Amino acid sequence: MQPRNMSMSGVVDLAAVKAAQEAKAKAEQARAEAARQGGAGAVSPADLVIDVDEAGFERDVLQRSAEVPVVIDFWAEWCQPCKQLSPVLERLAVEYNGRFLLAKIDVDANQMLMQQFGVQGIPAVFAVVAGQALPLFQGAAAEAQIRQTLDQLVQVAEQRFGLTGLTVDPDAEPGGEQPAAAVAPGPYDGLLEAAVQALDAGDFGGAVQAYKNVLADDPANTEAKLGLAQAELLQRVGSMDPQQVRKDAAEKPADVQAQIAAADLDLVGGHVEDAFGRLIETVRGTAGDDRDAVRLRLLELFEVVGPDDPRVAAARRALARALF
């Protein structure tokens, strides 16, 4: 997996959503197992700050980001602002007591990582959550600003990805972290895994059916509901001619199906607010069955993005105003 920049609020990205689902499931399993084992898998405070190079990036950052947010400090020995920022980050990593892991990357020795993250100057601080990279800030920021950013990061990691961080034991030996014991799969793990594999293979119809199989027995299964909304969206978009869809939407603003199709394309392309805005405007200009069709598609797209996303909350309010 290649690192890439993402905004804190996120975009509609199939890889990101799948990573979030998998990370949340792993985190829930790890928490349950830790409770059964009385805190197994604790790390020492010294393990909260690690040096990372290109060879270990996959293991030390991407894989670890499935259990804890990883904050990356890009630095160099000759960088004076880095010498001001790095000690603050290291102290906060210990103070936050496992809510995030600090990975320090020397840009002189790891030019490829610097390029992959698009670092233009140092110090530069990024985070990786569930395999997805996002920029935090650049330069020797004030400690109050750093704390605010870290607070937002750990909140997003917990609420959207289910990552509550590492268990820290002051008496643990550095480097002595033990992996959590294997957890027996849940009743729907096989079907959900089959759905993920179908998505990986581009078999969106198979993914749709797998999620529907879960929901037939467990209609409240949130992972299956989210996965189904995403798989159905990708299935619809996969059969479209994007240029023709855009042309129809531009030339036929009153055509409900043209606007719905264009909104699907908007969302898959990461233009979340454009997709929502297009459908809300269409709701305002329609009535009866047409209005209901647009409203239902908008609700489906809300499911894809997720109820915790602030853009969904804003769009729900706009939809209510358009309807009433």
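User: Is glutamate 95 buried, partly exposed or exposed?

Analyst: Glutamate 95 is partly exposed, with a relative accessible area of 43%. On this scale, buried means under 20% relative accessible area, exposed means over 50%, and partly exposed is in between (1.4 Å probe, protein chains only). The model is predicted, so local features need pLDDT of at least 70 and side-chain atom pairs count only at pLDDT 80 or more, while totals for chains, interfaces and linings use all residues. Residues are numbered from 1 along each chain as its sequence is written, and side-chain values use heavy atoms, with hydrogens and water left out.

The side chain of glutamate 95 forms a salt bridge with that of arginine 147, at 2.7 Å from N to O. Glutamate 95 belongs to helix α3 (residues 80-95) and arginine 147 to helix α5 (residues 143-161), so the pair ties together parts 52 residues apart in sequence. Helices here are DSSP runs of H or I with at least four residues, strands are runs of E with at least two, and both are numbered from the N terminus. A salt bridge is counted when a side-chain nitrogen of Lys or Arg is within 4 Å of a carboxyl oxygen of Asp or Glu. Arginine 147, at 25% relative accessibility, also counts as partly exposed.

In general, side chains of opposite charge can pair when their charged atoms come close.

Glutamate 158 and arginine 99 meet through their side chains in a salt bridge of 3.1 Å, N to O. Here glutamate 158 is in helix α5 and arginine 99 is in the loop between α3 and β3 (101-106), so that distant parts of the chain, 59 residues apart, are linked. Glutamate 158 is partly exposed at 37% relative accessibility, and arginine 99 is partly exposed at 30%.

A further pair joins lysine 83 to glutamate 77, where the closest N and O atoms of the salt bridge are 3.9 Å apart. Lysine 83 has 43% relative accessibility and counts as partly exposed. For the structure as a whole, the number of salt bridges is 18.
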